[in-house]
Amino acid sequence: MAAASDSLLRVVACGSVDDGKSTLIGRLLWDSRCVMEDHALALARASAEHGTREGLTDFALLLDGLLAEREQGITIDAAYRGFETPRRRFILADAPGHLQYTRNMATAASSARLAILLVDARKGLLEQTFRHARILALMGVRRVVVAVNKMDLAGWQEPVFASIATAFGTFAADNGFLEAHCVPVCAPDGDNIVHRSARAPWHAGPTLVEWLETVALDDPSASAFRMPVQWVNRPGEHFRGWSGRIAAGSVRPGDEVVALPGGAHARVASISTFDGDLPVAVAGQSVTLVFSEPLDAGRGDVIAAAAAPPPVAAALEADLLWLGREPLLPGRSVEVRIHACSAGAIVSAIHCRTDLGTGAACEAGRLATNEAGVVELALDRPVAFEPYGDSRPLGGLILVDRATGDTVAAGMVRVALRRAAHVRWQPYAVDRAARERAMGQRARCIWFTGLPGSGKSTIANLLEQALLASGRHTFVLDGDNVRHGLSRDLAFSDADRAENVRRVSEVARLMVDAGLIVLVSFISPFLADRAAARARFEPGDFLEVFVDAPLDECMLRDPKGLYARARRGEITDLTGFGSPYEAPAAPDLHLRTAEETPEASALRVLRAIGSGQRDA
Amino acid sequence: MPHGRSLTDGLLDALLDALDELESEAIEILREVAAACARPVMLYSIGKDSSVLLHLARKAFHPRSIPFPLLHVDTGWKFREMLAFRDRVARELGLELLVHTNEAGRAAGINPFDHPDYTDVMKTQTLRDALDRHGFRAAIGGARRDEEASRSKERIYSVRAPGHRWDPRTQRAEFWNLCNPVLMPGQTLRVFPLSNWTEADVWRYVLREGIEVVPLYFARMRPVVERDGTLIVVDDDRMRLRAGEQPVARKVRFRTLGCYPLTGAVESDAQDLPAVVAEVLAARYSERAGRLIDQDGAGAMERKKRDGYF
């Protein structure tokens, strides 16, 4: 039995609304004679009602299926259409070109082996063209036909077409495309889509459809055998089989296989199907394997040729397309789903962002919605996989948000990261990002440092009231208060002050993880201690506020009578009065409380943290 | 210009391979649901697509039995031949078949003649009730993307919001063949293993696999009235005849089966499977052209889907 994958080919069509993509696909279906008469009738009705070509059939309306998009003249989501020619059968995925374009196009491209890329002949190759082509390359689509559309508006001039074809050829060769063919077309009239155009006699190459039905493809059954286990079939004692769809290679009874990540070996006894045992099964087939000896393997394992097993790892480097509404930050806890395997994971690092417009790798601490980048994933268990470039079924993964269940990213595995194999994370279903979402705020620590009497507590108190009034969740850690409990065993020696700062910063960090805006009102006189406190937080989570007032002003205010007691000799190591205060050289915020009211100071802090709102 | 194709253009050999691919894909999806989804059920409507789905489920889990029950929403207005077929198939294959009817609606006399909201009450609402009552979280159905424009945008694994609402704007991105079965409280899943099949694929597969289908798909002499251009087969004496309507025997068959007063037949000579396949391959009209409920204006199916219709 032959591999079925060449007989049902998935094709993705990409281009923007203005390129005339829906029209081209509509025309493609129409000229391939894949439009039924009642649909043709509905098309004629819709053309009269919503059409953009007065008096003529608007082929785009064959594709815009949903009410909302008919009314708004946009295509909302990827649509899948079957069409067939005498040579091949196709499933055409049409991804619309607008807001969610990257997501929709990547979705459609993920299972496509061929792509149609639309270019407006008058505009030539735009940044958008390259962006589309890079998404194709990212998703592993390496054979593309470029439909240079609107050739009628470019006067059917060969040089216009030739310069586009040459430029794209260079780009394609540089970006790993195996095939890139350009065709001059006019979508509304159908030139060179199915039927060869008389208006471009200079074009000798195949038409769009001729290319689709003749282009050579890779044969996945030529690689080493791999089958992810979906389900163990055990109706009783007499039968035990491992069910799955063969991802690569072929298998015969007698073959020696290994089940990964466990590593158990076994020999294939039979390939069991409803229609009887098979002598051989190949990539693309859903089968059930029975082994000569009991095999310790379950759902999520990969059964592979024993002589050429795939890699196994608990840490992966992957290209990632982030789809979540919130930006992706390092440390995000997610669920990973790869072939039939699911695992808890942490996005442990974001190496870079990939600019899809230019192809450049940019330094980035986060990925925004629809941005691509390279990340590290630390899994809570080892999984068997293949690099995406070698196998899409074993190298493509999705990230699932634990709080909403949404699919928030698509990942394409690059390599295993051995060095991180021993690092294990305890992933929690509810992480800081989830708590922040629930509380509707950006958690952080605001650290007020300054002399006794400089106004730290007063400002922190005002700030907390303001935050509370706007619905934020806060907590104040006050230097005096913690000494009644958390630090009751500590005195005021330099060592004890350092330990006090360590404890308080650790508690503040936990509270930030809990999603709170933490206000620390703490003399914290030493630079080194404050630097150590800052180091416990992610960049941007720690805001150092220097509450600055001249010593004589503080002594004048003396709200707690500390300076008076020091003058009387009852306290010997009061900061500023026998014990030094090391002022911050570059605080995040510098409040001069002798020159403004506490309210004005609090307001400045509030502005600095954006009222505690979540980042866009 | 649009027209169908014939058996003679050399397609059949190549397309059998496409059937293998579609079969393996559907089996992969069915196994994924059984292994990863909580509380699955297979919707069984007795039609050809359901018959194919049932056959695929038997294949997916062979040699064990199908690991989830089947659910039929019976509106009370199905063809008698459909019900007889359903009960015999369930008995012969030893299926766990649940039949759910809106008893309140039936008692209230809700019927397709007098009640414009008949389909909503007896079918859509009843389906939602049945899923809720049994606590099913994943419902497998035989819908195909080639049936209707809004269905071409449907996912294979389609998340429904609490209340079974379908919102095309909030569907999860679907990459490769990966299933995301994670559901929040109140959410349910609809799963469509036949998404990429066409009507012709279904018939070719029925022929290749020797799958038994309801005899209504084959042309026979049946009592017919022509109403608003549609051929309605008078299945029992509950049919309300309008003034001047007189059932006449005509040789007809069905391309799609639903409630008999709402399903149009087509004139045909196709009395057996090879003839039906040949007819479908040469078809000039889509199969849902015979479904009255889909013709309530453009977007009719989308509105029904949003309300929780399958």
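Me: In this predicted model, where is A:Pro201 found, and is A:Pro201 buried or exposed?
Reply: A:Pro201 sits in the loop of chain A that runs between β6 (179-184) and α7 (208-214). Exposed means over 50% relative accessible area, and because the relative accessibility of A:Pro201 is 67%, this residue counts as exposed.

Me: How far apart in space are A:Pro201 and A:Glu158, C-alpha to C-alpha?
Reply: Along the sequence, A:Pro201 and A:Glu158 are 43 residues apart. In space, taken from C-alpha to C-alpha, the separation of A:Pro201 and A:Glu158 is 9.5 Å.

Me: Which word describes the packing of α2(B) against α6(B): parallel, antiparallel, perpendicular or oblique?
Reply: Helix α2 (residues 48-61) and helix α6 (residues 199-209), both of chain B, have axes 10 Å apart and pack at an angle of about 55°. Roughly parallel requires an angle under 35 degrees and roughly perpendicular one of 65 to 115, so α2(B) is, relative to α6(B), oblique.

Me: How do the residues of the contact of α2(B) with α6(B) divide into nonpolar, polar and charged?
Reply: From α2(B), the residues B:Lys48, B:Asp49, B:Val52, B:His55, B:Leu56 and B:Lys59 take part, and they meet residues of α6(B) including B:Trp203, B:Tyr205 and B:Glu209. The contact of α2(B) with α6(B) divides into six nonpolar, one polar and five charged.

Me: Is A:Ala121 buried or exposed?
Reply: A:Ala121 lies in the loop between β4 (114-120) and α5 (127-138) of chain A, and touches, among others, A:Val148, A:Met151 and A:Ile164. Since buried means under 20% relative accessible area, A:Ala121, at 5% relative accessibility, counts as buried.

Key: Residues numbered from 1 in each chain as written. Chains lettered and ligands numbered in written order. Predicted model: local features only at pLDDT ≥ 70, side-chain atom pairs only at ≥ 80, totals over all residues. Heavy atoms only, no water. Helix = DSSP H or I, 4+ residues; strand = E, 2+ residues; numbered from the N terminus. Buried < 20%, exposed > 50% of the residue type's maximum accessible area, 1.4 Å probe, protein only. Axes fitted to C-alpha atoms, helices over the stretch in contact; angles between N-to-C directions. Parallel < 35°, antiparallel > 145°, perpendicular 65-115°, else oblique. Contact = heavy atoms within 4.5 Å. Nonpolar A, V, L, I, M, F, W, Y, C, P; charged D, E, K, R; others polar. Lists of a residue's contacts leave out its neighbours within four places in sequence.
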